[in-house]
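I opened the notebook to record what I looked up in this structure, entry by entry.

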Amino acid sequence: MITKELLSEVLGFSIYHFWLDGDYIVWREDGMSDINIYELAHKCKEWAFNNYEIMLESTIIFSSSSRCKGIDEVGFCVMVTYAETEPEAIFKACQWILENKENK
């Protein structure tokens, strides 16, 4: 699904423990907090664009791997991410960005 490192990065504060409860990711800070996975996927797309100028579009393809295909003719990063759901595809793409792009 999503790592605590990516979740922390996207939300802007440290998350040490979280869990999935239906369509919500729940964590405990000073009390319980949660976010709908679709809202979180949107925040991840905004994070990728605002921090790395990468615009994510998602298409659901049923598989379980991801890869970066390189740079297209106008300089955009082309990434193919395979997942069973749209949020999962977005989370995988953002995880790749987090692991492979240098921070601004």
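I note at once that the model is a predicted one. Glu-99 lies in helix α3, and its side chain makes a polar contact, at 2.9 Å, with the side chain of Gln-95. I also checked Glu-99 against Leu-6, and although 93 residues separate the two in sequence, their C-alpha atoms are 9.5 Å apart in space.

Next I turned to Ser-8, which lies in helix α1. With a relative accessibility of 16%, Ser-8 counts as buried, since the cut-off for that class is under 20%. I then asked which backbone nitrogen the side chain of Ser-8 reaches, and I found that it is the one of Ile-15, at 2.8 Å. Setting aside its neighbours within four places in sequence, I listed the contacts of Ser-8 as Phe-13, Ser-14 and Ile-15.

**Entry 3, the chain as a whole.** I stepped back to the chain, which holds 3 helices and 5 strands, and I wrote down their order from the N terminus as α-β-β-β-α-β-β-α. Of the 104 residues in the chain, 33% are buried. Among the contacts with a separation of 6 or more, 38% come from residues 24 or more positions apart.

I traced an open sheet of 3 strands, in the order β1-β2-β3, with antiparallel pairing. β1 and β3 stand at the edges with a single partner strand each, so one side of each has no neighbour in the sheet. From one strand to the next the twist averages 30°.

At the start of α2, a side-chain oxygen of Asn-36 comes to within 2.7 Å of the backbone nitrogen of Tyr-38. Which residues of α2 are buried? I found Ile-37, Leu-40, Ala-41, Cys-44, Trp-47, Ala-48 and Tyr-52. Viewed down the axis of α2, these buried residues fall within an arc of 110°, so they line one face of the helix. As a reminder to myself, an α-helix has 3.6 residues a turn, so residues three or four places apart point the same way.

I next asked what the buried residues of α2 pack against, and the answer was α1 (4-11), β1 (18-21), β2 (24-29), β3 (31-36) and α3 (86-100). I recorded too that α2 lies across β1, β2 and β3, and that it runs at about 75° to β3.

My last entry concerns Glu-53, which follows α2 and lies in the loop between α2 and β4 (61-71). Glu-53 is not a glycine, yet its phi is positive, at about 55°. Is Glu-53 buried or exposed? I found a relative accessible area of 61% for Glu-53, which means that this residue is exposed.

Methods
Residues numbered from 1 in each chain as written. Predicted model: local features only at pLDDT ≥ 70, side-chain atom pairs only at ≥ 80, totals over all residues. Heavy atoms only, no water. Buried < 20%, exposed > 50% of the residue type's maximum accessible area, 1.4 Å probe, protein only. Helix = DSSP H or I, 4+ residues; strand = E, 2+ residues; numbered from the N terminus. Arc of directions from axis to C-beta. Contact = heavy atoms within 4.5 Å. Polar contact = N/O pair within 3.5 Å; in protein donor to acceptor, adjacent residues only side chain to side chain. Pairing = 2+ DSSP bridges. Axes fitted to C-alpha atoms, helices over the stretch in contact; angles between N-to-C directions.
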